[in-house]
Amino acid sequence: MDTIPTQTPVDAGRESRELGFSFTGNAREYFGIWIVNLLLSIVTLGIYTAWAKVRRLRYFYGNTWLDGYNFEYHAKPKQILIGRLIVFGILLVVNLLVNFVSPLFGLIFIPYLLALPWLINKSMAFNARMTSYRNVRLNFRGSYWGAFGCFIIMPYLAILSLGLLAPVTSRLSSNYIGRHLGYGASRFETGAPLGKLYGNLGMTFLFAIGAGLIATILAAAIGSGLLASSDIALRARFPSSGMGSLTSIAAVIGAYAGIILAFLFYLAGVRNVAFNSTKLDGQHSFNSTLGRGRYVWILVSNLITSIVTIGLMRPWAAIRTWKYLCASTALVAAGSLDHFVDEAAPQGNVASAEFFDIEGIDFGL
Amino acid sequence: MIEGRYFRPEVARSEPAKLWGERDDLRMVIGDDQTVHRPVLATVSDKLGNVPRKLTFADGSVFEVAAGADIDTLLDSHGHFFSRLARLEASWKFVSIAAVVTVALLFGLYRYGLPALAAGAAAVTPNVVVTSMDRGTLETVDRLLLSETKTSTQKQAEVQALFDDVAKASGHANPPLRLLFRDGGRVGANAFALPGGTIVITDQLIKLAKSDDEIAGVLAHEIGHVAGQHSLKQLYRVLGIGFMIGVIGGDSGQLVDDVVSQASALQTFAYTREFEADADRQSVETMIRAGRDPLAFVDLLDRIGGDKPGSDETGWLDTHPGNKDRRVATEALAKKLGWQK
């Protein structure tokens with residue numbers, strides 16, 4: 001993509017057009033950016049990670065195209081660094097208090113839980129505000145009790161019900177995010193249908209059984225291969241009665257892998273349902289056609305490739321995942337996309353965004 | 001002259017535009033309009049791969065150009081850090097060197113840097129911190145695992161005397177050592193050391209021992225943990241690994257995160273084995289200095305592990321070295337130090 005089309009796409013009037021997202025990044029180019037990010041992060045004892053994050057996200061957003069225009073990530077590295085330092089400092093103080101002063105400080109999780117909805121809203125507002133498309137930025141205006149219900153209460157109910165209420169949780173959180181998200185002065189609206197989410201849960205259940213079985217068989221095969229080899233230490237650990245315990249260990253590994261993979265499968269399905277029931281400005285709609293099994297396979301094969309190459313194929317894997325996500329997503333535009341305008345919106349809070357980033361929590365915005 | 005597209009402030013519609021001039025004296029025409037504008041530059045997005053560059057002007061309007069367009073010549077910014085960096089990132093030679101250096105650096109940091117940093121951090125950790133750690137840990141294990149000792153006061157006094165004897169022979173002074181007696185409950189025959197100098201021995205271990213030297217050897221081993229600051233070093237190494245993963249893992253998917261943290265948990269087992277071997281070494285030295293049998297404690301360990309199959313070899317998942325390995329290592333060391341039975 002060396003040149004940008006100099007004329008804007010022809011206005012198709014009120015006719016609806018299906019516009020696919022596309023991704024123009026490539027693994028070779030990203031490898032250079034990634035390895036330099038890594039090297040400078042190590043040499044600067046982690047300080048450069050703020051710059052690294054901005055460059056990584058700018059690369060992915062900037063190479064994501066829709067209707068001849070790309071996305072842009074706007075956060076400033078210094079902001080990110082300050083956010084990280086604040087989060088790091090707070091986590092350090094809390095850990096010191098809990099470990100060295102008194103375990104009673106563990107009670108800090110109560111105010112933490114109460115602050116969480118606010119943190120989530122501020123974080124989503126920041127991430128949305130730092131994202132633009134065609135010179136117009138996204139924004140997020142959350143409500144405390146809405147976030148409290150979707151992200152604090154509902155996940156517990158989903159777990160307590162052994163997953164049976166998970167589709168309700170997914171519906172509420174998808175709708176919450178969709179309804180509070182805006183593109184400039186225009187609003188999104190999401191109404192995820194419960195029936196489809198339960199259908200997704202059913203497929204997930206079948207998938208979990210299949211994936212669990214395959215993982216068990218694989219674990220047992222690898223385990224007995226190891227036993228058959230001449231590793232004396234291992235044989236000593238599993239004396240002649242070894243096969244029985246081997247099967248149960250394999251089953252535990254299989255169940256563990258099955259649950260993790262099923263969770264990813266489930267999330268991919270929720271993404272489809274959420275996108276397909278989202279409208280922008282009440283007229284433009286979205287299409288998400290992620291193949292759930294294929295998506296899980298991409299993540300699993302990415303993981304294996306990354307491990308085998310001691311992480312050096314990680315850039316390739318990241319590009320591959322993102323490319324697939326883009327290729328599976330489309331906007332059905334009712335007419336031209338020229339009319340959007342930006343407006344002032346809450347800026348969010350960088351420290352809360354960095355908190356969830358450091359903790360590895362992603363709300364899938 | 002650079003061609004691109006121009007967005008008026010806060011508007012999604014773009015118009016083709018042309019830009020020329022210098023950083024402080026830019027000229028621009030928009031669309032077919034011949035009017036020459038003089039935009040004032042506010043910010044320019046850094047060069048990065050083939051991502052289009054965006055010039056934001058003081059009024060909030062944006063001029064966007066393809067990555068190939070020579071913005072750096074127009075703005076005289078070839079020398080800027082990120083312009084240089086982007087050129088390096090695109091050079092195969094540089095990227096290959098960076099990859100080799102990064103892998104070597106990570107390996108070196110992990111293998112030598114972290115242990116050295118952890119030892120340094122342990123050395124400067126004030127006693128107040130470690131004693132309060134002792135208090136907290138003891139509170140927790142007392143509540144969850146251990147209960148009050150049932151060993152007679154007379155036996156306690158005997159073991160205390162043994163402890164004082166090996167403590168003196170160990171030459172360790174700071175933090176001060178103290179011995180506590182507990183009923184091991186589920187834990188059974190065991191002894192452990194906390195970083196602040198608190199050493200706990202269970203009733204079951206005292207009962208299982210057949211000689212004073214067996215108990216003394218175990219106590220010397222635990223004193224070795226305190227003297228070597230093993231718990232603190234372990235704590236700092238684990239923190240260091242966590243930090244390293246954080247630095248590396250900025251861009252790792254959910255699956256990668258999971259697997260890496262499991263793998264680092266396994267690594268702590270290897271650290272523990274290293275510390276155990278070190279404490280064994282210190283036990284042998286102390287016991288010889290005290291004129292006691294340095295191998296006796298291995299007999300006691302054999303008796304503890306007697307009911308578990310396969311505890312003779314050291315495996316990948318073991319926290320302690322296998323007893324056979326342990327016996328061989330301690331015998332060799334004792335011989336080297338001139339000890340004879």
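Mentor: Four bridges tie strand β5(B) to strand β6 (residues 62-65) of chain B, and the two run antiparallel. Strands here are DSSP runs (E, at least two residues; helices are H or I, at least four), numbered from the N terminus, and two strands pair if DSSP finds at least two bridges between them. Keep in mind that this is a predicted model: local features need pLDDT of at least 70, side-chain atom pairs count only at pLDDT 80 or more, and totals for chains, interfaces and linings use all residues. Residues are numbered from 1 along each chain as its sequence is written, while chains are lettered from A and ligands numbered from 1 in the order in which they are written.

Within that pairing, B:Lys54 has B:Glu64 in β6(B) as its bridge partner. The hairpin of β5(B) and β6(B) has four residues between the strands, and B:Gly60 there takes a positive phi near 90°. β5(B) also pairs with strand β4 (residues 41-44) of chain B, antiparallel again, over three bridges; B:Thr43 has B:Thr56 in β5(B) as its bridge partner.

pLDDT is the predictor's confidence in each residue, from 0 to 100; among the elements of chain B, β6(B) has the highest mean, 96. Chain B has a mean of 87.
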